[in-house]
Amino acid sequence: MTITLQLSQKWEELANIKDELAARDWFPGTSGNLSIKVADDPLAFLVTASGKDKRKRTSDDFLLVGPDSKPLEPTMLKPSAETVLHQRIYEKTDAGCSLHVHTVDNNLISELYADRGEIVFSQQELIKAFNIWEEDGTLTVPIVENFADLTKLAAAVAERIHPDIHGVLIRNHGITAWGQTGFDAKKKLEAFEFLFSYQVKKELLLR
Ligand SMILES: CSC[C@@H](O)[C@@H](O)C(=O)COP(=O)(O)O
Ligand SMILES: [Zn+2]
């Protein structure tokens, strides 16, 4: 397969995911960023351009960056401010796609559980989306502080990545979740958001 064909297929895959997440209203105020891996060695990935309304579909939505998160070709576009987070995820995992969204539910959970540094889910059918099939299985989502220094933020996220971790919450900011493919990453992101929404509502009902 030629590189151009591979690139246009990945572009289409990411654009479709972006549309689906936009339909869920998961990009308020231009927030959120998405990426998909195009090559492993050296690393190259498509990432959303910074500051755009991610609900719109345009030919300027993504740009190709290399292992240092810098554009691989001359462009007027700026890679997402949070590109380095995606870079660190590709370095530390076998992910093929990484998705970052800000939602009210993920922000509330990140704040309510910040002091514990994580939230652990169990006895929930949807943890099967993370390949956890045991009746007493648990799913842990680490929570890191929202450092303004993005290199520091990326290092804090990278530090919490282990084989059983599929996403990291950033306090009062959002979640970054990843998977081997675009389908896998989106499935996990949707499952996370279901679990966060359930937990928020449960805590409200128990008050
Ligand atoms: C405009 S609020 C969101 C940003 O500060 C950032 O957190 C974000 O998710 C989007 O930044 P971007 O540079 O467009 O990828
Ligand atoms: Zn963000």
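Figure 1. At 10% relative accessibility, Gln87 counts as buried, a word used here for a relative accessible area under 20%, with exposed meaning over 50% and partly exposed in between (1.4 Å probe, protein chains only). This is a predicted model, in which local features need pLDDT of at least 70 and side-chain atom pairs count only at pLDDT 80 or more, whereas totals for chains, interfaces and linings use all residues. Residues are numbered from 1 along each chain as its sequence is written, chains are lettered from A and ligands numbered from 1 in the order in which they are written, and side-chain values use heavy atoms, with hydrogens and water left out. Gln87 belongs to helix α2; helices (H or I, at least four residues) and strands (E, at least two) are DSSP runs, numbered from the N terminus. The side chain of Gln87 is joined to that of Glu91 by a polar contact of 2.7 Å, that is, a pair of N or O atoms within 3.5 Å, where within protein one must be able to donate a hydrogen and the other to accept it, and residues adjacent in sequence count only if both atoms are side-chain atoms. Apart from neighbours within four places in sequence, Gln87 is in contact (heavy atoms within 4.5 Å) with Leu43, Phe45, Pro67, Asp68 and Ser69.

**Figure 2. Aromatic pairs.** The whole structure holds 5 aromatic pairs, counted where ring centres of Phe, Tyr or Trp (its six-membered ring) lie within 6.5 Å, with planes under 30 degrees apart called stacked, over 60 edge-to-face and the rest tilted. One of these pairs, Phe45 with Tyr90, is tilted, at 5.1 Å centre to centre and 50° between the planes. This pair links distant parts of the chain, since Phe45 is in strand β2 (residues 44-48) and Tyr90 in helix α2 (residues 83-92), 45 residues apart. Phe45 is buried at 0% relative accessibility, and Tyr90 is buried at 5%. The rings of Phe192 and Phe196 have planes at 10° and centres 5.9 Å apart, so this pair is stacked. Phe192 and Phe196 are 4 residues apart in helix α5, which means a separation of about one helical turn. Phe192 is buried, with a relative accessible area of 0%, and Phe196 is buried, also with 0%. Together with Phe121 and Phe130, Phe192 and Phe196 form one aromatic cluster.

**Figure 3. The site of the zinc ion (ligand 2)****.** The zinc ion (ligand 2) is coordinated at 2.1 to 2.6 Å by Glu82 (OE), His100 (NE2), His102 (NE2) and His173 (NE2); donors are N, O and S atoms within 2.8 Å of the metal (3.2 Å for Na, K and Ca), and sites may look incomplete because water is not among the atoms. The 6 donor atoms make angles of 73 to 170°, and the site is octahedral, a label given to six donors if opposite ones are over 155 degrees apart and all others between 65 and 115. His102 lies in the loop between β4 (97-101) and α3 (104-112) and His173 in the loop between β7 (167-170) and β8, so the pair ties together parts that are 71 residues apart in sequence. His102 is partly exposed, at 21%, whereas His173 is buried, at 9%.

**Figure 4. The loop that holds Thr181****.** Thr181 is placed in the loop between β8 (174-179) and α5 (182-206), and this residue is partly exposed, with a relative accessible area of 40%. The C-alpha atoms of Thr181 and Asp94 are separated by 9.6 Å, although the two residues are 87 residues apart along the chain.

Terms used. Tetrahedral: all angles 85-135°; square planar, octahedral: opposite > 155°, others 65-115°.
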